[in-house]
Amino acid sequence: MSGRIEFLVISSSREHHWYETLRKTLAPVGTLRIETEEEAVKLVMSVGYDLVIVDATVVDNVPLLLARIRAQRPSAYVVVATANPSWDKARQAFQAGASDYVSKSFDATEILAVVSAEIKRRGLDVSHKPFRR
Amino acid sequence: MAKAILLLADNDKEYLGTMCEFLERKGFKVLPAASPKEAKAILDSGSVDMAVLDLRLLNDSDKLDLSGLDVAKQSAVHIPKIILTRWPKYEDVREALGTQLNGVPPAVNFIAKQEGSEALLTAITRTLNLDTKYREVSDHLVAKVSQDHVDARRQATMSYFLSSGVALIGIAIIFLGSYKTTSNLLEVAVTNTLAVIITGAVVRLFFKRADVANDRVDQRYRALIQSQWMDKLMAACEELSLEDNKEKCKQRVIETAANLWFGPEREYRQKRERKWEKANNSDEEMRADSR
């Protein structure tokens with residue numbers, strides 16, 4: 001899918017409904033690739049994803065995962081999504097290197113807004129330029 | 001050591017007074033502010049090392065009051081700020097710690113008043129320590145990079161002057177050769193060709209030296225940027241909840257940085273060692289054959 005943004009989603013098959021919602025919502029800007037924690041860290045290093053969405057409900061240790069992603073790719077934009085957002089977990093995520101912290105809503109519009117803002121900030125042309133290297 | 005100067009802004013006068021007293025007892029010089037206007041004036045004066053700003057600086061009962069955060073966004077980007085509130089919400093944490101359009105978050109930490117004065121003290125101390133450490137490392141690196149840049153530039157300029165000088169001497173030799181050997185055409189051709197070859201080689205050598213100097217400057221800048229990333233990653237590791245995780249994370253950061261920085265050098269060394277081993281083996285084989 002050259003010329004399209006590819007997002008890396010760190011989640012599990014148990015979250016199938018949310019993943020489908022996310023896939024449909026982000027369809028206008030790009031495609032999604034879902035991976036488990038370990039695989040995702042390897043992919044961030046080898047493929048060099050610049051936009052990563054972390055499903056905090058399936059990851060055991062979000063700060064550790066964020067630190068690992070940051071170690072592999074400091075410039076990556078990492079969004080942490082959770083079904084139960086709380087201020088202290090949000091603080092912990094930001095201090096561990098999250099770029100944003102959003103709630104897993106049914107329509108995923110919050111993630112779309114965050115991602116679109118980042119695409120704009122990085123000055124990317126969605127139709128011609130892939131987001132990953 | 002000079003006392004760190006803090007700005008403490010809160011519209012709750014009682015809380016402001018108590019916290020000022022507490023922080024002064026802990027060795028800080030505190031400048032109090034009871035409104036966004038006062039806080040902004042102190043921040044803009046640049047006289048503080050860091051600021052602690054209450055989220056609702058105008059009206060505590062107004063859920064939409066984010067005046068403390070607005071002050072953090074609008075004033076003195078270089079001064080680290082902590083947002084303080086009695087009503088913590090994840091949306092406010094996002095606003096405070098998430099990056100803005102300029103790529104910088106308005107605040108470095110977010111503390112709930114319910115966490116107590118010790119939590120605020122820890123956050124202040126950590127911010128000041130990190131900030132001081134960060135500044136020390138950055139200043140040191142910047143000084144080194146600047147010095148190297150000056151040296152490299154001097155080297156490059158000297159190389160360009162020398163190459164220009166050599167080129168002029170070469171031209172002079174060509175003309176002199178032509179003048180002196182006008183009677184013999186073969187000698188003219190030989191002299192000119194030799195002069196051009198020597199001049200070209202020397203000029204190329206000096207230009208190469210200039211390129212090496214420029215590469216050195218590039219390398220220094222790369223190292224500066226990478227060390228800043230490392231500093232940030234180490235700070236992120238410090239924030240992890242379990243001690244074990246902190247150590248693992250730091251180890252991974254150091255390993256990755258070492259591979260990135262020293263990987264090519266290590267590969268080169270290994271390649272050279274393999275070459276030596278190969279050479280030694282072939283020597284031994286030759287000796288064995290001769291026997």
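What percentage of the 133 residues in chain A is made up of buried residues?

1. Buried residues account for 44% of the 133 residues in chain A, where a residue is called buried if 20 or more other C-beta atoms, placed from the backbone, lie within 10 Å of its own. Please keep in mind that this is a predicted model, in which local features need pLDDT of at least 70 and side-chain atom pairs count only at pLDDT 80 or more, while totals for chains, interfaces and linings use all residues. Residues are numbered from 1 along each chain as its sequence is written, and chains are lettered from A in the order in which they are written.

2. Chain A holds 5 helices and 5 strands, which are DSSP runs numbered from the N terminus (H or I, at least four residues, for helices; E, at least two, for strands). Read from the N terminus, their order is β-α-β-α-β-α-β-α-β-α.

3. In chain B, helix α3 spans residues 67-74, and its buried residues are B:Ser67, B:Gly68, B:Leu69, B:Val71 and B:Ala72. The cover over these residues includes β1 (5-9), α2 (36-45), β3 (50-54), β4 (81-85) and α4 (90-97) of chain B. Just after α3(B), B:Ala76 adopts a positive phi of about 35°.

4. Between the chains, 22 residues of chain B are in contact with 23 residues of chain A, contact being C-beta atoms, placed from the backbone, within 7 Å. On the side of chain B that touches chain A, α4, α6 (185-238) and α7 (243-290) of chain B each supply at least two residues, and the largest share, 5 residues, comes from α7(B).

Technical notes. A residue is buried if 20 or more other C-beta atoms lie within 10 Å of its own, exposed if 12 or fewer, and partly exposed in between; C-beta atoms are placed from the backbone. Two residues are in contact if their C-beta atoms, placed from the backbone, lie within 7 Å.
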